Amino acid sequence: MGKKLNITIFIFLLLTLSLQCLAAGLKAKIDSHQIAVGQSFNLTLATHQNTSTSPDLRVLEKSFYIFGQSKGVSISSINGKTSMKKYWIITLMPKHKGKIIIPSIHAGSLSSKPISITVSKKTAQNKRLQHAKEIFLKESIHPLTAYVQGQVLYTVKLYSKVFFTNARLTSPVADDANIQPLGRSLQYQATVDGDLYQVVEQRFVLFPQKSGELTIKPPVFTAYVDKNNSASMPPSYRRFFNNPFGSPIKITGRKIKLNVHAIPANISVDQWLPAKNIKLEQTWSKPLSSVHVGEPITRTITIYGEGVTAEQLPNVGSANIAGINVYPDQPKLKNTTSEKGIVGVRQVKIAMIPNNAGNISLPAIKVHWFNTATGKKQVASLGAQVLHVMPTIGQAKNLTPAAKMQHFQQAATSQNTPTSAAVTKPPIVKEKVKTKIVDVYSNWPWIVAVIFALLWLLTMMIWLRSKRKNKTKSASKPVVEKTSRATIRHKAVKAIENIQAACEEHDVDKLQKALLFWGRNQWPEVTLTNIGDIKHFIKSKELNSFIDQLNRLRYYPEEKTDFDFQAFYKIFVDVHTELQSNDEDDANDLPPLNLLQD
């Protein structure tokens, strides 16, 4: 019994010793335990264990700047016994003064012991002065005062007379402000106090989100400096003489305080748009005088904003207009950069489908904005316009010559009336509405003459045809009427079957075609160009609403999952039954409508 107990104790002690050796398998040492502010030192981690895991250095980021690291392997052989050692060398610089603990660092199952260092204020003044002459930062902002959500340009320039490697420049930081880099950095040479420097310039754009005093914390530059190489050396020489383990440095710029103005009291929050310039442009897919009822025309409105992002620009042109169905597309947003900062672009395409013939007024579009350069309110606008809507092609044939003449004169008069896109100072708006219809309308007397000639020829043809038909009227009329009724009955059955099948299959395209086919068969005496024309012949608001939804799905097919086919078919059945009840003979010829199968 006592022998077994001794063996158990021995095994326990052996395991404990093995764990302690394993824990101590990663040895850590430093150059010095007394460090000055701004001074770097090397931390060396070494182990004789065969591990493939690198040390986790994230625990050091709280108290130290990590400039870089290197690793290596050394193999030695003594008296025929070979040993291997892996090591990592990490260059660190303290972030603050005082007593700092280098925490335990893990590399897989291995770990090091914590090390204590003391960071003092004392530093080599001469070395500081030397670095200040060889490499330094300059910061600037424009403008010196800003408005809430207004653009501020922040520029930092790095001047250097020495060659450096592993360089890193952080972004400036400010509470209650959005900061982002503005394009790529620029590199050039400049002379300061008679000395030639290599300059790296990086610009940032800043948008304050709160009024009051804003403190901008400067960027921090860290790098390795090779004191033996000059920045003016040719690149090939610098690569040859470059020592990647030169002296690490850290340079911090100066803080800048910015006074941010609040939104002026005479401007509402919903109209607050601080910018350097706002410009509106528009184009049309066709001339405004060649639009027919039920045919779409696309209006493209583009807003350009200097000193604002595309996300800040307002949505325009999507308001409801009497007599027109308006279908705005998703706006396209784009931000570009220039020497003056951010240029935001917002473009929206709006599909318009007129419901009625005649002149439809399109209201002016206005964008209120605040000029940050002058400190004054301004308005950019597109002037009001008139859309000349002609009847559908089939209905246009039935117009009298006098009605056609009146329409041509109205269109020509409107086209000859100058329109402009009014913009307050500076005049930045331009219209891109171009048409050659004016030249055609200016020759309307010739058009009228041609129309009268065609009408005369048409009258003669009708007279001759009617004269021939009178001779065989009694024999042919019953056959024609019978054939016509059979054709209508067959088309009606086919149309109803197609609508029912489309609803059961949830096929929007098929339903749109089937509904148009049904409408053309229901009212053969008129010309229906699209399903929107059906709304003029039915009184059901519910069915008209579904027709509007189907029209919208032509431009937004992704919304077809929201269309209720079951409810549409139920309302369609009611409307169709009501229409057929007005003609008992036709109603008796048509088969009953079936309900959709769930």
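**Close-up views of a predicted model**

**View 1. A275 stands opposite N371 in β29.** Strand β21 pairs with β29 (residues 365-371) in the parallel sense, over two bridges. Strands are DSSP runs of E with at least two residues, helices are runs of H or I with at least four, and both are numbered from the N terminus. Two strands pair if DSSP finds at least two bridges between them. The open sheet has three strands in the order β21-β29-β30, and its pairing is mixed. β21 (274-275) and β30 (376-382) are the edge strands; each has a single partner, so one side of each lacks a neighbour in the sheet.

**View 2. S540 lies in the loop between α9 (508-522) and α10 (541-553).** S540 is buried at 16% relative accessible area. Buried means under 20%, exposed over 50%, and partly exposed in between (1.4 Å probe, protein chains only). The S540 side chain reaches the backbone nitrogen of L543 at 3.2 Å. S540 also touches I571 and V575, leaving aside residues up to four places away in sequence. Contact here means heavy atoms within 4.5 Å.

**View 3. L454, W456, L457, M460, W463 and L464 form a nonpolar surface patch.** Together they have about 650 Å² of accessible area, from the Shrake-Rupley method with a 1.4 Å probe, with only the protein chains shown as cover for residues. Nonpolar side chains (Val, Leu, Ile, Met, Phe, Trp, Tyr) are joined within 5 Å, like charges within 9 Å. L464 belongs to helix α7 (residues 444-471). L464 is partly exposed, at 41% relative accessibility.

**All views.** The model is predicted: local features need pLDDT of at least 70, side-chain atom pairs count only at pLDDT 80 or more, and totals for chains, interfaces and linings use all residues. Residues are numbered from 1 along each chain as its sequence is written, and side-chain values use heavy atoms, without hydrogens and water.

Note on methods:
Polar contact = N/O pair within 3.5 Å; in protein donor to acceptor, adjacent residues only side chain to side chain. Patch = residues over 30% accessible without salt bridge, like charges linked within 9 Å, V, L, I, M, F, W, Y side chains within 5 Å. Salt bridge = Lys/Arg side-chain N within 4 Å of Asp/Glu carboxyl O.
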